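Please look at the structure first, then read on.

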Amino acid sequence: MRGITDHVLQMLSQHWLATFFAVLLLWAIRNRYRNGLHRYPGPFLASVTDWWRLVDVYGRRPEVTHRALHRKHGDVVRLGPNTLSFSNPQALRTIYGLNKGFTKSEFYVVQQSIAKGHRLQSLFSTTDNDFHARFRRCVNSAFAMSALVQYEPFVDNTTKLFLDQTKNIYVNNPKGCDFTQWLQFYAFDVIGEITYSKRHGFVEKNKDIDGIVAYLSWLFLYVAPIGQIPFLDRLLLKNPIYLKFSQWGFIDATFPVARFAGNRMAERMPDLTKGELKPVPGAKSLDLLSKFLAAHQSHPEFMGETLVQTMAVSMAFAGSETTAISLSAVFYFLLKNPSALVRLQAEIDDAGRAGEFADSETGLVTWHESQRLPYLDACIKEAFRLHPAAGLPLERVVPQGGAEIAGHFVQGGTIVGCSAWLIHMDKGVFGEDADIYRPERWLYDEELCKTEVGKKAEESRVKEMNGTMFQFGMGSRTCIGKNISLLEIYKLVPSMLRRFEIQFVDPNQEWELVNAWFVKQKNFTTSFKLRDIVTPQHTGKGTTAAP
Ligand code: HEM
């Protein structure tokens, strides 16, 4: 027996190059035929190695590749040896449906932040459905629509400051404004204020405090490609040696956002260093941190200090870049489509004349006032549709036993996902002109609504579009901060348009997109001029709209 082993080892060492290629070939064949996925079309290299998709994502425009591949191959495309992308909206209900047993893939684990050398398993990044369900139950009420009322004053503070600072810094400024960055400063400060009743200070200082924005941008640039081969993360940022050194205090691997959260918690809870999670006596606050602390008090066995901190950190992680990207998209498409901008401006000014806004001094619009502006709603939805923030398929692992997805049986363990960049282009749902910006598609066609049948058809058309929108994900892992981000967007857009005339500095300049998991815009430079805020017109019988 020993003789045979020696002989084989000798052969292998003599022919190591041939051995290496033979092993490589076997590995490629195994990958190619894995889980029966060879039936699905896609780039050949993608079927044998995940390096194909890593390189594609590293190119920073994977959504363009995904669209081209689906145009060529149809509804299902193989993006990796074990990965399928679905573009048919029917797939959404199965992959993201409640209690279907799909779990998030390891892509999300790469997004865990680190504090003092420890990974923070967050609501967003956990792959454990039971842990997630328990965690979500603890914090869900803090994000309910009814809680919005409590957060609106926080949003108002930052929005008023933002309007004033836009005036002070950017009105008639010949250099113009890097609008995406400016909106990101806004989104960071709003989320800081809602979470801790304290802004980070981006808008006041008009600068990236503690390099948080730059760090986050860098992190997403890392997460997007490395997430395609998550194992690499263990060799790089979550290298156990690096983490150990950090735990021993030799290096500081704490994410700046986590440090900010830690400092705010320490201010709020002086006894934190003694391991006690007790708020300052008498402190009264309606912010998110106070709600997470209340969740700790009602579920102390589950919601410990780490989870409270993780939740606070997640707010900045998940809620700033995404909101800023969506706000940028709303403004960008309006500026690129002057007829839509004119119509929206008219809707807002008419409401101003009709006395529908309580504030005629700062231009601030309340959430309730914004809900009475249907064309605003259409413009925001159309921007969400054409530029969803997340730019990669939201990956899920098929449960053991496999699943039928949009007419295809897929084996357990396969990674599957849908990208909003494809779903939102579905012509069957959004119309033949799905690839152009047309907010009117969200409004009922008045002509058709003249008959009962036509009205029903219009209602079901718009209902189907709403039900297919995927910018916030779907199912049990749908965005928990959706209502907060809508609060910001529906308030800020009309408030800005009441107060300023916004233009491109160079009308011919197109923005540049960088898809680093979230699709961030660059080269979106705008100028601002002050507008006279339209005030209510008094007719003697109260306030009425102008003709
Ligand atoms: C326009 C702004 C936003 C967009 C487009 C957006 C998008 C998303 C998407 C697509 C997901 C699901 C990811 C997946 O299934 O893989 C998600 C989850 C999440 N979002 Fe948002 N988000 C936004 C704003 C916010 C805000 C403001 C917060 C916090 C206040 C937030 C916190 C979260 C959290 C914690 C999750 C994980 C939820 C869970 O797994 O239970 N997001 N978001």
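The structure holds four cavities of 30 Å³ or more. The model is predicted: local features need pLDDT of at least 70, side-chain atom pairs count only at pLDDT 80 or more, and totals for chains, interfaces and linings use all residues. Residues are numbered from 1 along each chain as its sequence is written, and side-chain values use heavy atoms, with hydrogens and water left out.

**Spaces**

Cavities and pockets are found on a 1 Å grid over the protein atoms alone. A cavity is a set of points where a 1.4 Å probe fits but cannot get out. A pocket is an open set with protein on both sides within 12 Å along at least five of seven lines. Lining residues have an atom within 4 Å of a point. Points are joined across faces, edges and corners, and a volume is the space filled by probe spheres set on them.

| Space | Volume | Lining by class |
|---|---|---|
| Largest cavity | about 690 Å³ | 24 nonpolar, twelve polar, five charged residues |
| Second largest cavity | about 150 Å³ | six nonpolar, six polar, no charged residues |
| Largest pocket | about 620 Å³ | eleven nonpolar, five polar, eight charged residues |

In these classes, Ala, Val, Leu, Ile, Met, Phe, Trp, Tyr, Cys and Pro count as nonpolar, Asp, Glu, Lys and Arg as charged, and the others, Gly among them, as polar.

The largest cavity is lined by 41 residues. F124, A318, F472, C479 and I480 lie nearest its centre. α7, α16, α17 and α24 each give two or more residues to this lining. The largest share, five residues, comes from α16. Helices are DSSP runs (H or I, at least four residues), numbered from the N terminus.

The lining of the second largest cavity includes Q111, F220, T310 and F518. Here too α16 gives the most, with five residues.

The largest pocket has 24 lining residues. Nearest its centre are R67, R71, W421, M425 and D435. α5 (62-73), α17 and α21 (420-423) each supply at least two residues of the lining.

Which protein donor does the iron atom of the ligand have? The single donor is C479 (SG), 2.3 Å away. Donors are N, O and S atoms within 2.8 Å of the metal (3.2 Å for Na, K and Ca); water is not among the atoms, so sites may look incomplete. C479 is placed in the loop between α23 (452-468) and α24 (482-499).
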